[in-house]
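Here's a quick briefing to read alongside the sequence and the 3D view. Take a look at the structure first, then come back for the tour.

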Amino acid sequence: MSGHDHGEDGVSRRKVLECMTWAGTGVLWTITGGVPRSLGIIDSAEAATATAPGMTFLQISDSHVGFDKPANPNALGTLEEAVNKINAMPVKPSFMIHTGDITHLSKASEFDNADRIISQSKLDVHYVPGEHDFLDEEVKFYRDRYGRGTKGAGWYSFDAGGVHFVGLVNVVDLKGGGLGNLGAEQLAWLEDDLRGKSKSTPVVLFAHIPLWTVYPEWGWGTEDGGRALEYVKGFGSVTVLNGHIHQVMQKVEGNVTFHTARSTAFPQPAPGTAASPGPMKVEDAKLRSMLGVASINFKQNEQRLAIIDTPLQG
Amino acid sequence: MKTLNRRDFGVAVAAAILLPVTTARADDTNMEVHIDNFVFQPPELKIKVGTTVTWTNRDDIPHTVVSAGKFRSKTLDTDDKFTFTFTNAGDYKYFCSLHPHMTGMIKVE
């Protein structure tokens, strides 16, 4: 899918579904002139980063270390393949973000294995937790490792390359019948965090569950995500990066670009195309074609959105 | 002795197969809820006070069974079970705390 036109005022559900596409194991982002652009990984990104000045960062998501079911009996192995791809890049990204579900069952050994592989990238990694990272009895393994200097359940912000990054947590205190949840305390913090920032500062929000409503029937959305988006409304460039749904989906609304990254572990079905959002078993030969290469390019103040999808295999 | 052992083994297997069927028929104070495809099945269960309900996760993804202030399972990996005995009448709404769109109800009379 390439050069898909999303129209002027938001995107219908059908359009969103049309734009959903399988792509690579990670997404490479570059900041040029303050505007983030997704270059996709990895082969097509190499050429782009060689010529693109500015800051480049990488997003990986949903590594589910410990997952060993038929959809991918070796999730640690495919994470390592993704990291090897990153290491093979001619231009080293400035850092990486991981949008959660590092582990499958929050076991100490799973966190250790994930760290052992991801650290081979020798990049700083900024994490946010997924619901699979808070499953240990005392809910402490994630916080012990990645919670330092964060607020609440693990939210924080930092600045890099002139961009303001905000990592949010929407996987705790979930209410029966509801979706992802940020909560009043975190929203108040976010409003305060953004106060006083110049509206020309590019903002990147990242969290595990999509902050926009992708498919509530499968819980793919955040109950109070709209509140967070209100706080960034006045900013000229806003990029919202999520995981959780194990597939690439993107839409643009005004100055806000929404994007979900694929998993490094296993694919999940397109919304409504299966009985459940659970792991999708595909032929072995096809798995890595779903972990292929995607370029997602967008420009601020343009309604056109281009997703160029190139599988690693086939 | 070998033939005897084999026969004993056969009896044991037959007993193991028959036993759960027999108890299920004889004893309606044990009920089951399965988690399949991110759905509690059956989504609503009517039981009598004193009934024990066992939830079994048959998905490839972990789930929980949580009724606010009433009961809360540990994380159930594939094929893990959670059991709760209802000693008081009432309506027990519950959900999966990882996937809160998954909800169920136990009505205890």
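How many contacts beyond four places in sequence does the model have for residues 1–25 of chain A, where pLDDT stays under 50? The model has 71 of them for that stretch, a contact being two residues whose C-beta atoms, placed from the backbone, lie within 7 Å. As for pLDDT, it is the predictor's confidence in each residue, from 0 to 100.

This is a predicted model, in which local features need pLDDT of at least 70 and side-chain atom pairs count only at pLDDT 80 or more, while totals for chains, interfaces and linings use all residues. Residues are numbered from 1 along each chain as its sequence is written, with chains lettered from A and ligands numbered from 1 in the order in which they are written.

**How confident is the prediction?**

- The model scores ipTM 0.79 and pTM 0.81.
- Chain A averages a pLDDT of 80, and 75% of its residues score at least 70.
- Residues 40–53 of chain A also have a pLDDT below 50, and this stretch has 42 contacts beyond near neighbours in sequence.
- Chain B has a mean pLDDT of 83, with 75% of its residues at 70 or more.
- Over residues 1–26 of chain B, pLDDT stays under 50, and here the model has zero contacts beyond four places in sequence.
- Where pLDDT is low, the predicted coordinates should not be read in detail.

- Chain A has eight helices and 14 strands; helices (H or I, at least four residues) and strands (E, at least two) are DSSP runs, numbered from the N terminus.
- Of the 314 residues in chain A, 51% count as buried. Buried means that 20 or more other C-beta atoms lie within 10 Å of a residue's own, exposed means 12 or fewer, and partly exposed is in between, with C-beta atoms placed from the backbone.
- Among the chain A contacts with a separation of 6 or more, 71% are between residues 24 or more positions apart.
- Chain A meets chain B through 17 residues, which are in contact with 16 residues of chain B. The chain A side of this meeting has eight nonpolar, six polar and three charged residues. Here Ala, Val, Leu, Ile, Met, Phe, Trp, Tyr, Cys and Pro count as nonpolar, Asp, Glu, Lys and Arg as charged, and the others, Gly among them, as polar.

**The cores**

- The largest nonpolar core has 63 residues, and L168(A), L205(A), A207(A) and V240(A) have the most contacts inside it. Such a core is a set of buried Ala, Val, Leu, Ile, Met, Phe, Trp, Tyr and Cys residues joined through C-beta atoms within 7 Å.
- Helix α3(A) gives this core its largest share, six residues.
- A second, separate core of 16 residues includes V53(B), V65(B), F86(B) and C96(B).
- Beyond its neighbours within four places in sequence, V240(A) is in contact with several residues, including L205(A), W212(A) and F258(A).

- The buried residues of α3(A) include L76(A), L79(A), V83(A) and I86(A). Among the elements covering them are β4 (55–60) and α4 (108–118) of chain A.
- In α6 (residues 184–194) of chain A, Q186(A), L190(A) and L194(A) are buried. Seen down the axis of α6(A), the buried residues fall within an arc of 65 degrees, so they line one face of the helix; the arc is that of the directions from the helix axis to the C-beta atoms.
- On the other side of α6(A), you'll find A184(A), A188(A) and D192(A) exposed.
- The cover over the buried residues of α6(A) includes β8 (163–167) and α7 (225–231) of chain A.
- After α6(A) comes G196(A), with a positive phi near 90 degrees.

**Backbone spots to check out**

- D62(A) isn't a glycine, yet has a positive phi of about 50 degrees. D62(A) sits in the loop between β4 and α3 of chain A, and counts as buried because 28 C-beta neighbours lie inside 10 Å.
- K122(A), also not a glycine, has a positive phi of about 55 degrees. K122(A) is in the loop between α4 and β6 (125–127) of chain A, and is exposed, with 10 other C-beta atoms within 10 Å.
- Over in chain B, the peptide bond from Q41(B) to P42(B) is cis, with omega near 0 degrees.
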